[in-house]
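Dear colleague,

Please find the structure below for your files. My notes on it follow.

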Amino acid sequence: MIELAFVLAAPFATALLLGLFGHRRGAAEINSAGSLLTLLAAGLLTMRVIGEGPLILFDEQFFVDPLNVFLIALTALVGFTTSLFSRPYMRVEHDHGRLSAARLRLYHSMFQMFMCTMLVALSTNNLGILWVAMETATLTTVLLVALYRTPASLEAAWKYFILCGVGIAQALFGTILIYFAAERVLGHEGGALLWTHLDAVKTQLEPTVLSLAFVFLFVGYGTKTGLVPLHNWLPDAHAEGPTPVSAVLSGLLLNVALYAIIRCKVLVDGALETHFAGNLMIVFGLLTVLVPAFYLSRTKDVKRLFGYSSIEHMGLITFAFGMGGPVASFAGLLHMTVHSLTKSAIFFAVGHAAQMAGTQIIDDIKGLLKQSPTIGWGLMLGTLAILGMPPFGVFTSEFMILTTAIKHYPWATPILLTALGVAFAAMFGKVQGMVFGEPSVQPLSHNPALLPVFIHLGLVLMLGLWIPPYLADWYRQAARLIG
């Protein structure tokens, strides 16, 4: 119990502390220290779940099993490395006059509050608390996206708020429908919103109500996941917000929203005993893989470019979980991991590159390799990894997804290969020009934080070459829970 309490309390307490002192010297160190405490607590929680099995805590309101504990650990890890990256990045932004002391305080406090809401969403057993946590995450990220207070950032924040606000309202209606169906079976005092109770009686729930509930939940949480055609907020939010926010949006928030869909899919599969939920995820997953691939070639902003890449990969993960089965679910979980690590590493490198060039326009960023070899290699290796080049872990997970599709859904394979091929050509061509050529960038006023970049890429490389046995068992257990 104490491990989960620390996982949730550490970011919340750090957010309160930074709300008071986040504008003073040392705030970035407090931000990193709070993130480190969260990571250590998440590690202890993971060890306990591996040793003792699933835990039901705090009067059954929180539930931790192999599925969500691995996402909790991943969220804590990426949150910590992002806090390390943001230390020199935000100092450069402050030195250039883009952020005042008050906005630095807002950034630091809302970063920790955002981490807290995601960890609550991942660990709660109550579908109502899950919805509240997702809504709170929306509100905190709206403030982060609008941090620069430029017309473009305010427009992006409003678009994000309106689209995700409408989407989350659909998820609320879906949650109410699940409660309506469960109350008839469990009664008023039976914990009709507790996932463990719902999972125990899922075969007794009304199929028609559950199928309708899943449609609303899929639309609602699918908006937060960035599924086409509900994706329009995501490229703008990435382009206009601070780069550390882009890293946690792509690396963490999209995973949390997809996790909510997966939990609901388990209930619907049990109630309907059909592949209705899976078919819905397959169709929208394919659409989400295909559409962004053709936007990539037209994109001129580097952060928007990788925003569209995030949409594409969330579509691929959604497609994997839609197929279901042990191999596809294992591949989906692995792809969630490697995408989070790789995409956050890319945004770390992109953030420093944009600061060196003074712009995010791709054509104005040249010669990174000559001016700063570490940033140049970080960006190039990260791009090769996210494009699925072997031996990185993205290649492993994509290969598993494609081979499963060839066996069970052969008609979908040409669509996936076309989208992946178009994305590879567009992204590699643009990044190659940024990395090589005559330099058009200037050195940074503070030493860049590149250790997180190569830690992430090193982990992704390891997962492509060798998955530790305990981690493979972890993925298998989680895949069995998904079904």
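Surface patches here consist of residues with over 30% relative accessible area and no salt bridge, like charges being joined within 9 Å and nonpolar side chains (Val, Leu, Ile, Met, Phe, Trp, Tyr) within 5 Å. Accessible areas come from the Shrake-Rupley method with a 1.4 Å probe, and for residues only the protein chains shown count as cover. A salt bridge is a side-chain nitrogen of Lys or Arg within 4 Å of a carboxyl oxygen of Asp or Glu.

The model is predicted: local features need pLDDT of at least 70, side-chain atom pairs count only at pLDDT 80 or more, and totals for chains, interfaces and linings use all residues. Residues are numbered from 1 along each chain as its sequence is written, and side-chain values use heavy atoms, without hydrogens and water.

Leu-139, Leu-154, Trp-158, Phe-161, Ile-162 and Val-166 form a nonpolar surface patch of about 560 Å². Helix α6 (residues 151-186) contributes the most to the patch, with 5 residues; helices (H or I, at least four residues) and strands (E, at least two) are DSSP runs, numbered from the N terminus.

Asp-59 sits in the loop between β1 (55-57) and β2 (62-64), and Arg-149 in the loop between α5 (127-145) and α6.

The peptide bond from Val-228 to Pro-229 is cis, with omega near 5°; Pro-229 belongs to the loop between α8 (207-225) and α9 (233-240). Pro-390 and Pro-391 are also joined by a cis peptide bond, with omega about 10°.

With kind regards
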